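User: I'd like to learn how to read side-chain contacts in a protein model. Can you walk me through it?

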Amino acid sequence: MRFRLQLVTVSDAGHEQVQQVAEFERTGVAMETLGLTLAEGKLMLKSVQTGMVHEQVNDALLQSRSCPECGRVRQNRGHHDITVRTVFGNVELESPRLGHCPCQPQEEKTFSPLRTLLPEHVSPELAYLEVKWSSLMPYEASCNLLHDVLPVDEKLNAVTIRNHLFAVAERIEQELGEERPCLIEWNEEEWAQLPIPNGPLTVGLDGGFVRSRNKRGCFEVIVGKSILEFRREEEEGAEKSQKRFGFVQTFDEKPRRRLFELLKSQGLAMNQKVVFLSDGGDDVRKVQQYLSPEAEYLLDWFHITMRITVMKQMARGLAKEGQGPIEKDREPAVARKGESMEEKLQSLKWNLWHGNVERALERVEELRWDLDLTPGKSESREKLSKQLGEFDGYIKNNREFIPNYGERYRHGERISTAFAESTVNQVVSKRMVKKQQMAWTERGAHLLLQVRTRVLNGDLEETFRRWYPQFRSGPEQQPLPLKAAA
């Protein structure tokens with residue numbers, strides 16, 4: 001049994017032209033030969049694509065042969081070959097060079113109409129698939145995936161895909177507005193006239209590290225997530241809007257603008273409450289400042305309790321060495337009713353939980369005093385003393401950003417960047433750290449993050465549609481039903 005596929009081109013005047021696409025032969029029935037194989041399907045798609053592209057280009061070039069002003073036929077001044085890369089294979093095209101008609105003065109004597117029609121030689125569909133999958137998996141793996149399922153060019157490799165991803169990311173970067181010290185818009189009088197805003201936005205920022213290719217060690221990547229609690233026009237219980245972002249701190253020149261544009265994409269209004277949660281680092285806090293007049297800046301509870309937990313473990317180690325617990329017969333000024341270091345650390349944590357910063361700092365001083373009065377020296381005690389000193393500076397530097405965590409927790413408000421911690425794993429670790437034994441340049445990591453976050457946010461397709469208005473258009477661009485086509 002033979003199957004013959006043909007491509008029939010019907011011109012606007014109704015003339016038909018038939019091209020042979022493929023021919024397949026089958027004998028008997030078996031699961032492995034039932035219908036089309038993947039190789040046959042790829043061959044058929046490539047043949048159809050080549051036929052369609054040539055017919056479209058030939059028709060467009062035929063219309064450009066005549067001068068639109070006087071109708072005179074333009075002279076052919078030669079041609080050169082170009083290769084157009086599509087999702088169904090490469091297509092070789094002959095690009096003619098035509099002479100300008102003398103009826104209109106022109107700066108150049110000749111021009112290439114195909115260069116005007118096709119300024120880019122990679123189809124948006126192929127570029128979209130390349131950058132989408134290479135942002136989710138290693139470049140080599142995404143290259144193998146495209147080779148397995150599509151009739152793409154055999155020479156397509158990981159370097160080409162990486163370069164295409166960088167080109168798309170740089171185009172995204174060029175669309176960012178200029179960085180400014182303050183991005184707050186309008187003034188208080190205009191804010192008062194704004195309608196009631198949507199629910200509050202909560203933004204969590206955290207950092208991760210990736211291996212450096214050009215330097216020894218690692219460099220830091222800042223990653224975050226913005227969560228919109230609710231939109232007033234949506235039904236109750238609707239899924240919350242969540243968007244991720246990321247950048248390489250030492251490379252990015254527009255971090256504040258990047259975060260501001262992300263919040264605007266979620267409908268940020270100048271009278272809308274925005275809560276920023278971070279680990280208290282100066283660099284991260286600078287990114288959050290001057291974005292909204294209704295902003296609230298909080299120190300992440302997770303980073304506080306994590307530091308206290310480490311110190312508790314050190315105190316237990318000292319207790320086992322016989323240096324940690326405070327004996328009951330010590331002076332009351334040094335020990336309060338025989339409290340151990342671990343108990344004082346728990347009291348320190350309790351005071352911070354309730355926003356009592358002054359009392360918490362007093363507890364830190366008591367702990368440091370206890371350590372100084374404890375006889376003997378050990379490496380464990382020195383480490384704990386160092387940790388207490390660093391924690392004391394950490395709390396003092398962030399004292400104005402420490403709220404009453406217990407009260408916020410009871411009211412169902414966020415107190416931790418746990419959702420940002422998972423974002424670090426999702427955005428950075430899964431693609432750039434875990435199981436990926438490769439090093440990165442700051443530029444390469446930053447550009448990859450811009451595409452990866454758009455893919456995870458579901459925004460990449462909309463970005464391509466903005467660049468190419470007919471990219472994956474609506475139902476009017478779908479293929480006609482067979483009966484209608486017949």
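Analyst: Let's go through aromatic pairs, charges over rings and salt bridges. This is a predicted model, where local features need pLDDT of at least 70 and side-chain atom pairs count only at pLDDT 80 or more, while totals for chains, interfaces and linings use all residues. Residues are numbered from 1 along each chain as its sequence is written, and side-chain values use heavy atoms, leaving out hydrogens and water.

User: How many aromatic pairs does a search of the whole structure find?

Analyst: Rings of Phe, Tyr and Trp (its six-membered ring) pair if their centres lie within 6.5 Å; planes under 30 degrees apart are stacked, over 60 edge-to-face, and the rest tilted. Here the search turns up 10 aromatic pairs. One of them is Trp301 with Tyr405, a tilted pair at 4.9 Å centre to centre with 50° between the planes. Trp301 is in helix H9 (residues 301-320) and Tyr405 in helix H13 (residues 405-410), so this pair links distant parts of the chain, 104 residues apart. Helices are DSSP runs (H or I, at least four residues), and strands are too (E, at least two), numbered from the N terminus.

User: Are Trp301 and Tyr405 buried or exposed?

Analyst: Buried means under 20% relative accessible area, exposed over 50%, and partly exposed in between (1.4 Å probe, protein chains only). Both Trp301 and Tyr405 are buried.

User: Which charged end sits over the ring of Tyr394?

Analyst: A charge sits over a ring if NZ of Lys or CZ of Arg is within 6 Å of the ring centre and within 35 degrees of the ring normal. For Tyr394 that's Arg307, 3.8 Å from the ring centre. Tyr394 has 9% relative accessibility, so Tyr394 counts as buried.

User: What about salt bridges? Which residue does Lys344 form one with?

Analyst: Look for a side-chain nitrogen of Lys or Arg within 4 Å of a carboxyl oxygen of Asp or Glu. By that rule there are 32 salt bridges. Lys344 forms one with Glu366, with the closest N and O atoms 3.8 Å apart. Lys344 lies in helix H10 (residues 341-353) and Glu366 in helix H11 (residues 357-373), so the pair ties together parts 22 residues apart in sequence. Lys344 is buried at 1% relative accessible area, and Glu366 also counts as buried, at 16%. Both belong to a network of salt bridges that links Lys344, Arg359, Glu362, Arg363, Glu366 and Asp370.
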